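Please walk through this structure one part at a time. The text below takes up a helix pair, then a sheet, then a single residue.

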Amino acid sequence: MKLFAVIASMLFSTQVLAKPFVYCSEGSPTAFNPQVTTDGTSNNASAHTIYERLVDFKYGTTKIVPKLAKSWKVSKDRKTYTFTLRKGVKFHTTKYFTPTRELNADDVLFSFNRQWDKKHPYHKVSGGHYEYFTGMDMNNLITKIEKVGPYTVKIVLASPEAPFIANMAMSFMSILSKEYADQLTKKGEMEKIDNFPVGTGPFVYKKYKKDTIIRFTRNESYWGPKAKVDKLVFSITPDPSVRYQKLKTNECHLIIEPSPADLTAMKANSNLVVMQGAGLNVGYLAMNTQKKPFDNINVRRAINHALNKKSYVDAIYLGNAMVAKNPLPPTIWSYNKKVKDYAYNVKKAKSLLKKAGYPNGFETEIWTLPVTRPYNPNGKKMGEMMQADLAKIGIKVKLVTYDWPTYLKKAREGSHQLIQLGWTGDNGDPDNFLNVLLGCTGVKSGSNVARWCNKKFNDLITKAKLTTVKKSRVALYEKAQKIFKKDAPWAPIAHSIIFRAMSKNVKGYKIDPLGGDIFRTVELR
Amino acid sequence: MLKFMAKRILDLIPTLFGISLLSFFIIRMIPGDPVLLLLGERGADPAVYEEMKKSMGLDLPIIEQYWVFLKDAFQGDLGESIISKRTVVSEFFDRFPATFELGIVALIFAVICGIPLGIVAAVKRNSFFDYFLMGGSLAGYSMPIFWWGLVLILIFSVQMGLTPVAGRMSVMFDVDTVTGFMLIDTLMPEIIKDEGFAPFFSALSHLILPAIAMGTIPLASIARMTRSSMLEVLSEDYIRTAKAKGLSVGRVIAVHALRNALIPIVTIIGLMFGSIITGAILTETIFSWPGVGKWFVASVNARDYPVIQGAVLFIATMVVIINMFVDLIYAFINPKMRS
């Protein structure tokens, strides 16, 4: 709204318009249902605005707190979870749906069964692929979902699983309205459930114009403290430089992922605030321990000593990351601070290589990440720096890459020798890193690309998964990290930092370690 | 003339067939499996993979896939987007008005500025203005749109505060889509009644920078073409005769020279439509313009085969039809062409 429109609105507008809170997002959501989406863009547009889960992450942390369930009990065998639902929770009233009842156990059963039960009438709607639900192994973990009473739901697991409650706070476990689903079934418009959302969250979906704008209004019937802003707008702006310009001209109040190149100028601008927080991620170089010469511990240690990780952080992350020493990011509980990293030491690397029987080095391949990710913004450049570092100890590296789906497929099959990869945590639980990326089951499923299966390590993380006592879990995971370091199946590279930039009049915003943007407490002053 | 028209229309068939063939096979040559992309980074059960591949028709031999595509396309069915699950035709027409509106405004800008500048350069041949203009048009022609768009934003939006940075309309206004053309939708009686002309001016102000960015290359081409065409005409005998008859310079240029010089300019304007559409791919990305170009880029990244095939076919058909009309107009103006 510049010269033209400002004058025009003063001259012609017949009503005073309240300014909405404008968030400049990076893309269009693929759908408005976190059950069928996995990307952060879709999550921000639905999971954190429209929907809620039985439990949630406390804002700005990974601590689990009650949400639509006011409490839950775990049985003695740690296999049965009984959730008691909050009363008086209303679903949104929209142009296309008016609820006649409050949230109850039927809605919870509908939401979970859609993903779990292959015979459920809604299972095949929108393709029938629930990437997160199956990715977190919920389809095998849950053996029974039962309505005990109108406000009580019981979930039985196949085996004790401590991270289960953290999984329940994840976006894909959002609660949808069964009454709305029934209405759509009657009309023969079942697929609308994923694009015309009805939830219980702090904002109500109002309108979406593809690639342009998403409009929300405050949920005036919200069961808890209402959102501070009455109108919320997602202005879809894919280019980070343009987002920054829009922030400067006040067309946006908060922008996602500012370009690292703009950060210095942003920090110097007194009208703007740049917030940062440690990301829940890790970028690493994995060594295929099932292939020679990486089956040799001294070779793996030599590579750890040869890589100058600090130089990668400076050149590739432009300083917006921290050097990693553990497979867990420091934001996750049980991160072992005491673990000592392999220092950058070419001489030591050479002597270890000699000890391993490779005094003149060897030839190998590094697969470089073909996509930009927060945990590795430029795989090719990092590959070139690694190539130069390893050449110093006689290892001749050929850089290889593939298109992203092929890269992942081949990595799961174990065709690589050295491979760059990374991981962004889903639920703030250490198991989500250690078990998925380094557990023995991950070798079979392909998520453990180092194909490293250490019995001691695996026993520790399995034991930690079975107990719900946090203190015991911390001790077990700390021990596991020591074994990881000693055996060196990876060279952990970096944990990136999350940035958000906003106008100085934006208050109440916190960086979410899980990467989401949450607006319930945000206001413009 | 009728025979000429029939011939030109018949020429469309092999052209469109060739385009469909190229768009279909080229996208399949790009590495990347759309099923794997759709299944996400965590991978999925091989059974789910196979099922999804089958549901998308990608399990069929490639020739059979092409035959199915051709058969359906002939009936106006270009398939369904893998990502949005909506028909390609409806997805295209949701976005087409935005691109068309921007393209038309950009072309008007290019014509209104390009023709007078070309005329002046030709009349003032070898003057400072001529050199300046031709140098400027060469720069305009070679300027990367991405960079030029950002420069325009920095100068006019951030420094001078005259225009909005990006988007199609201020977030303050919630205008329902009726025709998809913002300049028309904002003039609907109910909008004017509720919000006056402010939404119209907002839409207009949002068009300025992207139209300049998109219209710069056509402007440069039109200016250069007008100059050379005018120079050719100005050296003709009949112009000398007109001048000798004592007609004013203005009349000689406007009536005698420009009318004849316009023939190749009309052709270049028609051809520019193609470059406007390809320019849309970059312009729309910079200015967050929700048109066909931005949609096309997103579809290529997602390997959304039906959308890519459909969009290429739509855009190519449009360019080919416009070129056909240009040929027909040209033939109408110049009888020599008909033979």
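In helix H15 of chain A, Asp431(A), Leu434(A), Asn435(A) and Leu438(A) meet Phe457(A), Ile461(A), Ala464(A) and Lys465(A) of H17(A); two residues are in contact if their C-beta atoms, placed from the backbone, lie within 7 Å. By class, this contact has five nonpolar, one polar and two charged residues. Here Ala, Val, Leu, Ile, Met, Phe, Trp, Tyr, Cys and Pro count as nonpolar, Asp, Glu, Lys and Arg as charged, and the others, Gly among them, as polar.

This is a predicted model, in which local features need pLDDT of at least 70, side-chain atom pairs count only at pLDDT 80 or more, and totals for chains, interfaces and linings use all residues. Residues are numbered from 1 along each chain as its sequence is written, while chains are lettered from A and ligands numbered from 1 in the order in which they are written.

Two packed helices are described by the angle between their axes and the distance between the axes. H15(A) covers residues 431-438 and H17(A) covers residues 455-466; their axes come within 11 Å and cross at roughly 140°. Axes are lines fitted to C-alpha atoms, for helices over the stretch in contact, and angles run from 0 to 180 degrees between N-to-C directions.

Elsewhere in chain A, four strands form an open antiparallel sheet in the order S4-S5-S7-S6. Helices (H or I, at least four residues) and strands (E, at least two) are DSSP runs, numbered from the N terminus, and two strands pair if DSSP finds at least two bridges between them. The edge strands, S4 (69-74) and S6 (142-149) of chain A, each pair on one side only. From one strand to the next, the twist averages 20°.

S4(A) is joined to S5(A), residues 80-85, by five bridges. Ala69(A) has Leu85(A) as its bridge partner, and Trp72(A) has Phe83(A). The two strands form a hairpin with five residues between them, and Arg78(A) in the turn has a positive phi of about 60°. Helix H3 of chain A (residues 105-116) lies across S5, S6 and S7, running at about 165° to S6(A).

Is Met138(A) buried or exposed? Met138(A) is buried, because 23 other C-beta atoms lie within 10 Å; the cut-off for buried is 20 or more, for exposed 12 or fewer, with partly exposed in between. Leaving aside neighbours within four places in sequence, Met138(A) is in contact with Trp116(A), Phe133(A) and Asn167(A).
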